[in-house]
Structure formats: C-alpha cells, structure tokens
Amino acid sequence: MVIYSFKNFSYAYYGVTKVFENLNLRIGSNNPQIVAFVGPSGSGKTTLLSVMAKLVEDYSGEVLFEEKNLKDWKELEFRKKVLMLLQSPEKQLFEENILADVLYTLKYDNLTVEEKMLKAQRVLELVGLPKDRWDKPYYRLSGGEARKAALAAVLVKDSEVLLLDEPTSGIDSETRQELYRIFKNLKRAGKSIFFSSHDVYFVKAVSDEVFFVDNGLVKPAENVEKARYWGVV
Ligand SMILES: Nc1ncnc2c1ncn2[C@@H]1O[C@H](COP(=O)(O)OP(=O)(O)OP(=O)(O)O)[C@@H](O)[C@H]1O
Ligand SMILES: [Mg+2]
C-alpha cells in the first residue's frame, strides 16, 4: 500500500503564490521507511508536509493517505495515526512548561496519569533534554532545547507516521547522532518518517528515499539535481 498519493495536485497560497503545479507522486510503501525532502529554502517542503499532515486543505487535485482521500479522513482518526513536528518549536509549544507540553499530546489518550507521566519522562530523556529544563516554558530554553522539547511532544504519541519539518535544525552533533538512532529505532518499530532537512549528511546517512523539491515539483533525487544539491557537480 502506498502511504501518500498526489494526483494532479496544485497549490498556491491564497490562490496567488504558486508552490506546486500538477504534481503526480506516490510516496512511502507498506514497509516502514525514512523519506527525506530536500531542496532550496522556499521550495515548498513545509507546505508539502503541512498538506500531508492535513493542516492545509485548500489545494486542487487529490491527496490520498493510505489510499483514502485525505479530506475524507475523520480528524481524530487521522491524528491518531499521523503527527507533525512544525518547523518552529514556538508554534508547537504553549503550555506553562515543557513537561506539560509533552503531556498535552496525550491529553485524550486512555492512560492513567502515572502512565502519561512515565511516557513523557521517557521521551524527554530520549531526546536528551536535561531534567532541570522540564519545568520551564519553551521561551526560557535555547533554540536547540526548544526543538528537542517539540520533538518530544510529537514522539510521545507513538504515531504510525511522523512528519518532521527540519528536526535537525539548530541541534548539537550529539543530539543529531541520537536523532539518527531514534529514526532507525522508530523504523524498526514499524513507523514511517517523512522529514525535511538542509542537513545533507544526516539525510544521506538516515534516509531510504530522498525527494528533491523545487520549481513546483517533487522528484526522486537520483539524477543530476541530486548531485548538484549535494555539491558534487
Ligand atoms: N503563510 C504563507 N503565506 C504565503 N506564502 C507562503 C506562506 N508560507 C510559505 N509561503 C510561500 O510558499 C513557498 C514555499 O514555502 P515553504 O515554507 O513550503 O518552503 P520550504 O521549502 O519549507 O523553505 P525552508 O527551507 O526555508 O523552510 C515560498 O515561496 C513561500 O514564500
Ligand atoms: Mg520549511
């Protein structure tokens, strides 16, 4: 089963700023996969992930998720399966502290308070956010710490599909390595990850498939564009 299919997909912000035009594309398969979107700033990576996350719907054409039209998916049912890490952590975090932010993701889950707390603590440890930051709001953290917190707030849910917009942006090399391990472990646990990144080394190391986003199109990055992007030609 293909995870996402785009059929004659076009998108322009406010009907004016064209981002994608007549895109036909199939992304992801039955097997858990790590799929990267690369491409220049402003090429449409965030827009594409936002569409895949059902956050943007005023496009033309069709987008299917697990072979069912994205617009026909019930909100709650869809959110159980797919979560997105937004490009800016401050758009994702809003509670009085980081721990509360992570717990918020589990708000409607059928778990006891203790179970939720345990999950939240585990995931905050997993992303390497020191304990003395957990009781602070995101605006008292550094940029990289805030991104780790936002990532924790997404990973805590155990979603089948993770859409991560620039998870490597602004984080230290130790966390980057940890992120590599987290990605591989998530894949082993049966999850699919779609992410955008400007970090070519990370992308090269972790991805099963790379798509190049540019000029209104999304293409498998196997040709000259890929080489150009990697700085090879
Ligand atoms: N809220 C918005 N309103 C109007 N135009 C927008 C909006 N967000 C993005 N755009 C435009 O859509 C295009 C694609 O933007 P997008 O954010 O998807 O790019 P990106 O590939 O994620 O870039 P980056 O690598 O800088 O994150 C850009 O030309 C941008 O100017
Ligand atoms: Mg972006």
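## A tour of the predicted model

Start at Ile34. With 21 C-beta neighbours inside 10 Å, Ile34 counts as buried, because the cut-off for burial is 20 or more. Bear in mind that the model is a predicted one.

**Stop 1: Ile34 and its surroundings**

Colour strand β3, residues 34–38; Ile34 lies in this strand. Now select what Ile34 touches. Leaving aside residues up to four places away in sequence, the contacts are Phe183, Lys187, Ile193, Val206, Ser207 and Asp208. Next, draw a distance from the C-alpha of Ile34 to the C-alpha of Ala153. It reads 20 Å, and the two residues are 119 apart in sequence. Keep Ala153 labelled. It returns at the helix stop, as one of the α6 residues in contact with α4.

**Stop 2: the start of the chain**

Go to Met1. Met1 lies in the segment before β1. Is Met1 buried or exposed? Met1 is exposed, as 7 other C-beta atoms lie within 10 Å. Still, Met1 has contacts beyond its sequence neighbours. Setting aside residues up to four places away, Met1 touches Asn30, Glu66 and Glu67. The C-alpha atoms of Met1 and Glu66 are 6.7 Å apart, although 65 residues separate them in sequence.

**Stop 3: two positive phi angles**

Move on to strand β1, residues 4–13, and pick Asn8, which is found there. Check the backbone torsion. Phi of Asn8 is positive, about 45°, and Asn8 is not a glycine. Asn8 counts as exposed, with 11 C-beta neighbours inside 10 Å. The limit for that label is 12 or fewer.

Step along to Tyr14, in the loop between β1 and β2. What is the phi of Tyr14? Phi of Tyr14 is near 55°, again positive in a residue other than glycine. Tyr14 also counts as exposed, with 6 C-beta neighbours inside 10 Å.

**Stop 4: the shell around ligand 1**

Centre the view on ligand 1. Select Tyr13, Thr17, Val19, Gly39, Ser41, Gly42, Ser43, Gly44, Lys45, Thr46, Thr47 and Gln87; these are the residues around ligand 1. Colour them by class. The shell divides into two nonpolar, nine polar and one charged.

Then colour by element. Strand β2 (17–27) and helix α1 (45–52) each supply at least two residues of the shell. Which element gives the most to the shell? The answer is α1, with three residues.

**Stop 5**

Select Lys74, in the loop between β5 (68–69) and α2 (75–81). Lys74 is exposed, with 8 other C-beta atoms within 10 Å. Now draw a line from Lys74 to Val156. Their C-alpha atoms are separated by 22 Å, and the residues are 82 apart along the chain.

**Stop 6: helix α4 and its partners**

Six of the eight residues of α4 are buried, so α4 is largely enclosed by the rest of the structure. Select the buried ones: Ile98, Leu99, Asp101, Val102, Leu103 and Thr105. What do they pack against? Their partners are α5 (113–126) and α6.

Packed helices are described by the angle between their axes and the distance between the axes.

Helix α4 (residues 98–105) and helix α6 (residues 143–155) pack at an angle of about 25°, with axes 7 Å apart. That angle makes α4 roughly parallel to α6, because angles under 35 degrees fall in that class. The crossing is right-handed. Select the contact: Ile98, Asp101, Val102 and Thr105 of α4, with Ala149, Ala152 and Ala153 of α6. By class, these residues divide into five nonpolar, one polar and one charged.

The axes of α4 and α5 come within 9 Å and cross at roughly 120°. This crossing, too, is right-handed. The contact is made by Leu99, Val102 and Leu103 of α4 and by Lys116, Ala120, Val123 and Leu124 of α5. It has six nonpolar, no polar and one charged residues.

End on Val102. Val102 is listed in the contact with α6 and in the contact with α5.

Conventions: Residues numbered from 1 in each chain as written. Chains lettered and ligands numbered in written order. Predicted model: local features only at pLDDT ≥ 70, side-chain atom pairs only at ≥ 80, totals over all residues. Axes fitted to C-alpha atoms, helices over the stretch in contact; angles between N-to-C directions. Helix = DSSP H or I, 4+ residues; strand = E, 2+ residues; numbered from the N terminus. Parallel < 35°, antiparallel > 145°, perpendicular 65-115°, else oblique. Left-handed = near helix turned anticlockwise from the far one by under 90°. Contact = placed C-beta atoms within 7 Å. Nonpolar A, V, L, I, M, F, W, Y, C, P; charged D, E, K, R; others polar. Near = placed C-beta within 6 Å.
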